[in-house]
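Subject: Handover of a structure

Dear colleague,

Please find the structure below, followed by a short account of what was found in it. I would be grateful if you would read the two together.

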Amino acid sequence: MLRNDKLLININMNSHLYKTGWIELICGSMFSGKTEELIRRLVRAKIAKQKIQVFKPLLDDRYQADMVSSHSGGRFEAQVVKKPLDLLPLLDDNTNVIAIDEVQFFDKRIVDIAETLANSQRRVILAGLDMDFRGEAFGPIPLLMSKAEKVHKLRAICMVCGREASRTQRLINGHPAHYNDPIIMVGAKEVYEARCRQHHIVPGRIHQPITNGKQPSFLDNLTH
Ligand SMILES: [Zn+2]
C-alpha cells in the first residue's frame, strides 16, 4: 500500500507533460491585474514542477526587458521576441507551460502559434489588454478569445466613481484623447486611467450615448 502511494507520487511529480493542451486568456483594462494573475498561475505551475517559459513582445520595456513583473513584486524571466514566429525556435522540448504577456501587441499570427502549442499538449497562458483607449478590440484578442478554452476578464476600479472599470481612459494634457489621436504624440503629457463604461470618454467615436432622442450616428449607415 505504502509502495503504491509512493509510486503514485512519483508519477505525479514526474509527469512533466500535460496529457492535453489548452489556451487560457487573461484580459482586461489597464490596472486590472492581468500580469498579477498571470504570475499567480505561473507560481502555482512552478510549485507543480512544470517547466515554464515566458515570452513578451519586444516593445514592452516598462520594467526590465527580460522580466515579466507585477506591481506586487512577483517576477519571472521572460524571453523577448519581435514576431510570434520567433517564439518557436526558443522553445525547449520539455516545456509544458508557455506564458505570453502583453499578447495584444503581437499580430494575428500569434493565434496560429498559440493553437500549435496547445495542440502540442502545452498549457498556453496569455495575458493582454482586451481593448485599446478608444474601447475598440485590441489586435489578436478577439480571435484568441474565440480559440481559448478559458477566458478570464478582469476589471479595475474606475478612477471617477469607484465602480468596476472595464476600460482604459487616455488623457492628453489632462483632456480625454480624441478617437483619432495618434498612438504616439510627441511632447504631449499622457496619462492612462481605469474607467467604467459611463466615465470612459472618447470624443469622436461613433457609439456616443443617445441624447434628446437623437438617432446614433452609426445608424445613418445602416438605414440609408
Ligand atoms: Zn465610473
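**The nonpolar cores**

The largest nonpolar core has 32 residues, and those touching the most other members are Leu38, Ala99, Ala114, Val124, Leu126 and Leu144. A nonpolar core here is a set of buried Ala, Val, Leu, Ile, Met, Phe, Trp, Tyr and Cys residues joined through C-beta atoms within 7 Å. A residue is buried if 20 or more other C-beta atoms lie within 10 Å of its own, exposed if 12 or fewer, and partly exposed in between, with C-beta atoms placed from the backbone.

Two or more residues of this core come from each of β1 (22–28), α2 (34–47), β2 (52–57), β6 (97–100), α3 (109–119), β7 (123–129) and α4 (141–147). Helix α3 gives the largest share, six residues. Helices (H or I, at least four residues) and strands (E, at least two) are DSSP runs, numbered from the N terminus.

Beyond four places in sequence, Leu126 touches residues including Ile23, Leu25, Ile100, Ala114 and Leu144; contact requires C-beta atoms, placed from the backbone, within 7 Å. A second, separate core has five residues, among them Ala156, Cys158, Ala165 and Cys196.

**The model as a whole**

This is a predicted model, in which local features need pLDDT of at least 70 and side-chain atom pairs count only at pLDDT 80 or more, while totals for chains, interfaces and linings use all residues. Residues are numbered from 1 along each chain as its sequence is written.

The average pLDDT (the predictor's confidence in each residue, from 0 to 100) is 88 for the protein chain, and 88% of the residues score at least 70. Over residues 7–17 pLDDT stays under 50, and the model has six contacts for them beyond four places in sequence. The protein chain has five helices and 13 strands. Of its 224 residues, 30% are buried.

**A three-stranded sheet**

Three strands form an open sheet in the order β12-β11-β13, with antiparallel pairing. Strands β12 (175–176) and β13 (190–195) are at the edges with a single partner strand each, so one side of each has no neighbour in the sheet. Six bridges join β11 (residues 167–172) to β13 in the antiparallel sense; strands count as paired if DSSP finds at least two bridges between them. Leu171 stands opposite Val191 in β13.

Pro176 lies in strand β12 and is partly exposed, because it has 19 C-beta neighbours inside 10 Å. Its contacts beyond four places in sequence are Gln169, Leu171, Ile201, Val202 and Pro203.

Yours sincerely

Technical notes:
Contact = placed C-beta atoms within 7 Å.
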